[in-house]
Every structure is written in structure tokens, then in C-alpha cells.
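My entries follow in the order in which I looked.

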Amino acid sequence: MPTTVLIVEDEPDLVHVMQLTLTRAGFAVVAAATGAAGRTMAAEHEVDVVVMDRGLPDMDGLEATALLRGDGYDGAVIVVSGHVGGDHVAASLEAGADQVLAKPFKLAELVELVHHVVAPVAEVG
């Protein structure tokens, strides 16, 4: 059974290209346009990775991430955002994100990051 990725993003064109790219990379993909819909999708589907936009129409993506974690979601969360800088990364991690991907990004970076959070490389030491 393929790894399932939930894209929570309100920009339809971006959802389309991310969905197409991740599907071609071998992932099953579901999508939601709001934080509330993302929470519902995560509860109804066996989601392995959530790709969470920071700027959602109903709530900040960091709030949605924290709510997902509060709901008991323990899969990986990648926050995607046009915000940059250490403060943004720290806030994302504090909200429960595992990784942060800055917009604009290359689709290959998204695929690589999803692979990374699904099968983290064991540290040698």
C-alpha cells in the first residue's frame, strides 16, 4: 500500500501540480483546501504525511498543525510557507511540524522531503 500524503492548500493550481508530482513519485494523495477540512481528512484517511500550507483561508497553517497534533495525528507534517527565517521555522516546529519547506520550492524538493520524513535516515554514531 503506498504512502498517503494529505495536501492542505487553498491554491488549486498548486494543489494540482503537487498532487500530480507526488502521484508520479508513487504516493497516494488526498487534498483539502482548509485547515478544518484537513483535520477531517486526516481523521478519515490513513494519512502518513501532511503537507500543510501556512496561509489557509480559515486558520493559520500552524494552528491547523497544532490542532492535528491535538487530535492525535502522529504522522509527519511538512509546513509549506512563503515566510522565511529562523523565527518561522521555530514557530512551525513548536506547532508540531517535522519539516519546513519555503515557497517558492522545486517540486523535486517536495518529493525528496516527503521521502525523507517517511523513511528517516538512521544517524550513524
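**Entry 1: the whole chain**

I began with contacts (heavy atoms within 4.5 Å): of those in the protein chain with a separation of 6 or more, 59% are between residues 24 or more positions apart. I note that this is a predicted model, in which local features need pLDDT of at least 70 and side-chain atom pairs count only at pLDDT 80 or more, while totals for chains, interfaces and linings use all residues. Residues are numbered from 1 along each chain as its sequence is written, and side-chain values use heavy atoms, with hydrogens and water left out.

Next I looked up the size. The C-alpha trace spans about 35 × 30 × 30 Å along its principal axes. I read 43% of the 125 residues as buried (under 20% relative accessible area; exposed is over 50%, partly exposed in between; 1.4 Å probe, protein chains only).

**Entry 2: order of elements**

I found five helices and five strands (DSSP runs numbered from the N terminus: helices are H or I with at least four residues, strands E with at least two). From the N terminus the order is β-α-β-α-β-α-β-α-β-α.

**Entry 3: strand 1**

I then checked pairing (at least two DSSP bridges between two strands). Strand 1 runs parallel to strand 2 (residues 28-32), joined by five bridges. The chain gets from strand 1 to strand 2 through helix 1 (residues 12-24), in a right-handed β-α-β crossover (clockwise from the first strand over the helix to the second, with the strands pointing away from the viewer). V5 stands opposite V29 in strand 2 and opposite V49 in strand 3.

**Entry 4: strand 3**

Which strands does strand 3 pair with? Strand 1 (residues 4-8) is joined to strand 3 by four bridges, in parallel, and strand 4 (residues 76-81) pairs with strand 3 over five bridges, also parallel. M52 is the bridge partner of V8 and also of V79 in strand 4. Helix 3 (residues 61-70) carries the chain from strand 3 to strand 4 in a right-handed β-α-β crossover.

I finished with burial: V49, V51 and D53 on one side of strand 3 and V50 and M52 on the other are all buried.
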